[in-house]
Amino acid sequence: MSEWITKDNADVVVAWATSAGVAVALLAALAAVRQLSMIRRDSRDRTRPYVQLDVVPGLQGLGSWDLIIENRGASTALEVVADAGDFQPLDAEDHIASVIGQYLMTPKTLVPGARRRVMWGYERTDVSARAGVLEPREITVSYLDERKARRWWRRGRPYTATFTVGDALGPSVFPAPFEGPTPSSSDKLAHIDRALRTLNTHVGELRR
């Protein structure tokens, strides 16, 4: 090797060595930039808000369904809105469809761990009552990270996610607290019985 390096080709060898050094330094710099970008992205993903939607058995007992909007992230979600499309009342007495759409499109603020629970659907065949949404539906939720809200140039880039909710409504999928037998007499204890069954329902929801 030393015999090959002479005065005539020493400049070429130096040029090659310099180019190789520059290439190695460039690759190292690119690797460092990539690693830093991955660290920043991981930190941003761990600290951003995550708003999730789900339909669960309702607090009004068997046959009712509630929509839960919850922030499971580590920072506050601002201007939370959910677009679920149009709501058509099931009948003239439907008290859910007439207001649920407006509520979902009203901007909300959800701190980490906060949630909103609203009525989604209701169907009781024994009393012929139906209201709200009783079929699967896609809902697109959008919201801002509180840190993005402070940067005017990023306010136009909210987080968005689409959820399909209500695709498995029914007691065969979701468990429900036991309510006990329906009183068959006019005894005064029937009122206490109904109260205890209602209390049991709500205690069961606390364990859901």
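**Grounds for the assignments**

Modeller: Strand 5 (residues 115-124) and strand 6 run antiparallel and are joined by 4 bridges. The model is predicted, so local features need pLDDT of at least 70 and side-chain atom pairs pLDDT 80 or more, while totals for chains, interfaces and linings use all residues. Residues are numbered from 1 along each chain as its sequence is written, and side-chain values use heavy atoms, leaving out hydrogens and water.

Colleague: Why are strand 5 and strand 6 called paired?

Modeller: Pairing requires that DSSP find at least two bridges between two strands; strand 5 and strand 6 have 4 bridges, so they pair. Strands are DSSP runs of E with at least two residues, and helices are runs of H or I with at least four, numbered from the N terminus. Across this pair, Arg-124 stands opposite Ala-129, and Tyr-122 opposite Ala-131. The two strands form a hairpin with 4 residues between them, and Ser-128 in the turn has a positive phi of about 55°.

Colleague: What makes strand 1 and strand 6 the edge strands?

Modeller: The open sheet has 4 strands in the order 1-2-5-6, with antiparallel pairing. Strand 1 (51-57) and strand 6 (129-132) each pair on one side only.

Colleague: How do you know that Ser-75 is buried?

Modeller: Buried means under 20% relative accessible area, exposed over 50%, and partly exposed in between, with a 1.4 Å probe and protein chains only. Ser-75 has 5% relative accessibility and therefore counts as buried. Ser-75 is found in the loop between strand 2 and strand 3 (77-83). Among the residues it touches, beyond four places in sequence, are Thr-47, Leu-110 and Asp-145; contact means heavy atoms within 4.5 Å.

Colleague: Why does Arg-137 count as buried?

Modeller: Arg-137, in strand 7, has 16% relative accessibility, and so it counts as buried. A polar atom of the Arg-137 side chain lies 3.0 Å from the backbone oxygen of Ala-84. Leaving aside neighbours within four places in sequence, the contacts of Arg-137 include Phe-87, Trp-120 and Phe-163.

Colleague: What makes a set of residues a nonpolar core?

Modeller: Such a core is a set of buried Ala, Val, Leu, Ile, Met, Phe, Trp, Tyr and Cys residues joined through side-chain atoms within 4.5 Å. The largest has 27 residues, and Leu-67, Leu-104 and Trp-120 have the most contacts inside it. Among the elements that give two or more residues to this core are helix 2, strand 5 and strand 8 (159-165).

Notes
A polar contact is a pair of N or O atoms within 3.5 Å; within protein, one must be able to donate a hydrogen and the other to accept it, and residues adjacent in sequence count only if both atoms are side-chain atoms.
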